[in-house]
Every structure is written in structure tokens, then in C-alpha cells.
Amino acid sequence: MQPDNAVVEENEGKLGKVLDVYEARLSQSKYIGGDTFTLADLHHLPTLSYLMDTPAKKLIESRPKVSAWVTDITSRPAWCKAIEFRKQQ
């Protein structure tokens, strides 16, 4: 299927605004909920993993704090094992 570019652009704009809030938050702490990894971070893993395989990746990579956070949480050993398990299915 071909994506509807107008819808993609509209939603990239919305995502950009949310990521701006995350960038500000992550300039104050290592994780979304503070300085320790919590369910707030865990909740983002499936969506972030998906987005990092799409052109929307640029929205994440253009924000240094968000990019570092994504790299950190997606490289956690338990998440890496879950991804490996999913690939084997």
C-alpha cells in the first residue's frame, strides 16, 4: 500500500511536537519519569522500535536527548532478547 503523504506529514508534525516535550523533559532527567527506568519508558519501546524502521526516524534523531534515550532503552538486554525472540517466530 502507498501511504497517504498528507496524513503522514500531518502526523509527523504532531509527533514532532510531542518529541519536543520529551526533549525538554529528557534534558532534566535520564528517563521520562526520572533518573531510573520505569514503566513510562517501557511503554514506549514497541512504538519506538517500529518508528526507528521508518522515515520518521529522522524526527527522533534530530533531537539529541530523545535520540540518546531511545538508544538507551532499545539496547536494554531484556528488550534485545524480546526482539530476537520475535524475529525467530
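Select helix 5 (residues 64-74) and display Val-66, Trp-69, Val-70 and Ile-73, which are buried (under 20% relative accessible area, with a 1.4 Å probe and protein chains only). Seen down the axis of helix 5, these buried residues fall within an arc of 100 degrees, taken from the directions from the axis to the C-beta atoms, so they line one face of the helix. The face turned away from this buried side carries Pro-64 and Thr-71, which are exposed (over 50%).

This is a predicted model, in which local features need pLDDT of at least 70, side-chain atom pairs count only at pLDDT 80 or more, and totals for chains, interfaces and linings use all residues. Residues are numbered from 1 along each chain as its sequence is written, and side-chain values use heavy atoms, with hydrogens and water left out.

Next, select helix 1 (residues 5-26); its axis and that of helix 5 come within 8 Å and cross at roughly 80 degrees (lines fitted to C-alpha atoms over the stretch in contact, with angles from 0 to 180 degrees between N-to-C directions). The two helices are therefore roughly perpendicular (65 to 115 degrees) to each other.

At the crossing, show Leu-19, Tyr-22, Glu-23 and Leu-26 of helix 1, which meet Pro-64, Lys-65, Val-66 and Trp-69 of helix 5 (heavy atoms within 4.5 Å).

Now colour helix 1 by burial: Glu-12, Gly-16, Leu-19, Tyr-22, Glu-23 and Leu-26 are buried. They cover an arc of only 130 degrees around the axis, which puts them on the same side of helix 1.

Conventions. Helix = DSSP H or I, 4+ residues; strand = E, 2+ residues; numbered from the N terminus. Parallel < 35°, antiparallel > 145°, perpendicular 65-115°, else oblique.
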